[in-house]
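This report is written for someone meeting the structure for the first time. Please look over the sequence and the model shown below before reading on.

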Amino acid sequence: MEKMTFGLIVGNREFFPDRLVEEGRERVIKVLEGMGYRVVTLSPSDTKLGAVETAKDAKKCAELFKEKAGEIDGIIVTLPNFGDEKGVAQAIRLSGLNVPVLVHAFPDDPEKLDLQNRRDSFCGKISVSNNLKQYGIEFSLTTLHTEDPESEVFKRDIEKFAAVCRIVKGMRNIKVGAIGARPSAFNTVRFSEKILERMSISVETVDLSEILHRVSNLKDDDERVRRKLEEIKKNYRLQIVPEEKILLMAKFGSVIDEWIEENDIKALAIQCWTSLEWNLGITPCTIMSLLNEKGKPAACEVDITGALSMYVLQLASGQPSAIVDWNNNYRDENETILFHCGNFPASIYEEKPEIKYADVIGTTVGKERAYGACAGKIKTSPFTFLRLTTDDNEGKVKAYVGEGQILDENPKTFGSRGVARIEKLQELMKYICENGFEHHVAINLSRVADAVKEALEKYLGIVVHKHNAEVRD
């Protein structure tokens, strides 16, 4: 995962002990750097104690942040004492940075509340927050109102804030690829390009015939094809797949890789049936699985908002995502089978996935034209699920998110599958149906629901429903 940089604002108020600010600044920097983050902050040679106390200090801080604007992913405000509420807000406003902000305050020692030791950060955090609201600056808060920077809760809050920053940064000014036309039978995955464009998310389209033409022009011994063949054979079990089908997959994958690079695509969705099967004689699932594993989320059935959902979860966790169907009921009202033909990233499976033919599509086109689908069980793990969609009636993007557990159960079915347990699943299904969401959902083997909701709702303006179920370990 790419190393992140935080801008740090250390608040100070004149009539509180300087020693607490000097010591507090050093403690926070030590913790952040110890966690692997870079820190951009004023030094004691720039301002008194390297803190922000006056309007002049705020201007100096803003200038430093402007200078490092291309590096700073988020701003952390720390209050070793009450802090100067105006100075903090002015520094952020003058910097011009449009990044997430986290407000942290140090706890007082109840045995040391004399003039030499009291912080009053508990109170100061309220005042700083009040000013940020007045200035129209969105901000996040730590779990506890005051936290020791060395505490585990503070470190968890920093990791969550880092996830928020990755989502916000990653979702700005991006291009998503749509390869081919939406299957006619799937009205459910229709979406609005114009609504996404208002969020600075552009959709780059390409006709499937153009991809097929490029595939047909690739020679068997092309270096790109050779490398892709090696990649496929390294990551999957291919015992039943004819060699000529693996070669076609390698050619298709090489063309898709080039198109992604040419157009700077962050996520994509492919017309996976049935034109590819009739015209090329394979399914694209193996290539989509490779893309997912390498951080280029690829969704089925030209499900663009599904691909975006995968991308958000990947940004939050730093791990690859999959797209699944909410597919079947299971043995308990809080259990469901998650299924797809299969294009999951290889690392999500319990064992090295086997490449077979897509059973369902094979009934239409013949199994000899449907080789390429991955088969296997999802690892037993906690997971987060997310679905973004464009609501054309209301002209906005909306979402739901939640967490559950992939069970150690292997359902008696084919394809890529797993059994998920989600408390209050029936309430979730009612919410999905009543609010017109798709049958696809993105999953990620991590717990990042809180960070996803915070980033999408607070900083990107997307209303997010969080399914508040208790997760069973």
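## Terms and basis

A residue is called buried when its relative accessible area is under 20%, exposed when that area is over 50%, and partly exposed in between, using a 1.4 Å probe and protein chains only. Helices (H or I, at least four residues) and strands (E, at least two) are DSSP runs, numbered from the N terminus.

The model is predicted, and local features need pLDDT of at least 70, while side-chain atom pairs count only at pLDDT 80 or more and totals for chains, interfaces and linings use all residues. Residues are numbered from 1 along each chain as its sequence is written, and side-chain values use heavy atoms, with hydrogens and water left out.

Strands of a sheet pair through backbone hydrogen bonds, either parallel or antiparallel.

Within this sheet, β1 (residues 5–10) and β3 run parallel and are joined by 5 bridges, with Ile 9 standing opposite Val 77 in β3. On the pairing of β3 with β4 (residues 101–105), there are 5 bridges in the parallel sense; Ile 75 has Val 101 in β4 as its bridge partner, and Leu 79 has Ala 105 in β4.

β3, helix α3 (residues 85–95) and β4 make a right-handed β-α-β unit, where right-handed means that, with the strands pointing away from the viewer, the path from the first strand over the helix to the second runs clockwise.

## Thr 78 in detail

Thr 78 is found in β3 (residues 74–79) and is buried, with a relative accessible area of 0%. Leaving aside neighbours within four places in sequence, Thr 78 is in contact with Leu 8, Ile 9, Val 10, Gly 11, Val 28, His 104 and Phe 106, contact meaning heavy atoms within 4.5 Å.

With one of these residues, His 104, the side chain of Thr 78 makes a polar contact through the side chain of His 104, at 2.8 Å. A polar contact is a pair of N or O atoms within 3.5 Å; within protein, one must be able to donate a hydrogen and the other to accept it, and residues adjacent in sequence count only if both atoms are side-chain atoms.

## Helix α4

Helix α4 (residues 121–134) has 14 residues and reaches 20 Å from its first C-alpha to its last, close to the 20 Å expected at 1.5 Å a residue; the expected span is 1.5 Å times one less than the number of residues. Its buried residues, among them Gly 124, Val 128 and Leu 132, pack against β3, α3, β4 and β5 (140–141). α4 is followed by Gly 136, whose phi is positive, near 75°.

## The four-stranded sheet

In another open sheet, 4 strands follow the order β7-β6-β8-β9 with parallel pairing. β7 (201–206) and β9 (298–299) stand at the edges with a single partner strand each, so one side of each is left without a neighbour in the sheet. Helix α9 (residues 243–263) packs on this sheet, touching β6, β7 and β8, and its direction makes about 145° with that of β6.

β6 (residues 174–179) and β8 (residues 267–270) run parallel and are joined by 4 bridges; Gly 177 stands opposite Leu 268, and Ile 179 opposite Ile 270. β8 also pairs with β9 in the parallel sense over 2 bridges, where Ala 269 has Ala 299 as its bridge partner.

## Helix α12

Helix α12 (residues 304–317) is largely enclosed by the rest of the structure, because 14 of its 14 residues are buried. At its start, a side-chain oxygen of Asp 303 reaches to within 2.9 Å of the backbone nitrogen of Gly 306.

Technical notes:
Pairing = 2+ DSSP bridges. Axes fitted to C-alpha atoms, helices over the stretch in contact; angles between N-to-C directions.
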